[in-house]
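Visitor: I would like a quick tour of the pockets in this model. Please show it first.

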Amino acid sequence: MVALFFPFINAPIEEIMYRGYAQPKFAEGFGKPWAGIVIPSIGFGLQHCMLAASWQGALVYIGAFFFWGLGSALISHCHQRLFPNIFAHFVVHLAFAAMPLVLLMLDVY
């Protein structure tokens, strides 16, 4: 059930939280757009380190998700829209959720 609903729930929530809420608040609070781009991207990276199986993997996850967050933040900043990021985030989650669902349907687990 989690793999089925995760892409639909997680993508909008994370994008609204990081790019829709935190990004403008940090930019306004510091008076600099870069603060709204970089600080939430750091949080995005740190949030995803718990998905890693080792501390080495956690470092890779932090870096990878930081850069994903940075790219998403730049898109949001330049276009002032969340939908492209929500859609891209959804597609990534759907791709990763599809495999467990297929394996469950094939009774591999």
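**Pockets and confidence**

Guide: The second largest pocket holds about 210 Å³ of space. This is a predicted model, where local features need pLDDT of at least 70 and side-chain atom pairs 80 or more, while totals for chains, interfaces and linings use all residues. Residues are numbered from 1 along each chain as its sequence is written, and side-chain values use heavy atoms, without hydrogens and water.

Visitor: What makes a space a pocket?

Guide: On a 1 Å grid over the protein atoms alone, a pocket is an open set of points where a 1.4 Å probe fits, with protein on both sides within 12 Å along at least five of seven lines. Lining residues have an atom within 4 Å of a point. Here 13 residues line the second largest pocket; Arg19, Gln23, Pro24, Ser76 and Gln80 lie nearest its centre. H1, H2 and H3 each give two or more residues to that lining. H1 supplies the largest share, five residues.

Visitor: Which residues lie closest to the centre of the largest pocket?

Guide: The largest pocket has about 430 Å³ of space. Of its 18 lining residues, Phe6, Leu51, Phe65, His93 and Phe96 are the closest to the centre. H1 (2-30), H3 (55-79) and H4 each supply at least two lining residues.

Visitor: How do you know how confident the predictor is in each residue?

Guide: By pLDDT, the predictor's confidence in each residue, from 0 to 100. The protein averages 91, and 98% of the residues score at least 70. Helices are DSSP runs (H or I, at least four residues), numbered from the N terminus.

Definitions and conventions:
Points joined across faces, edges and corners; volume = space filled by probe spheres on them.
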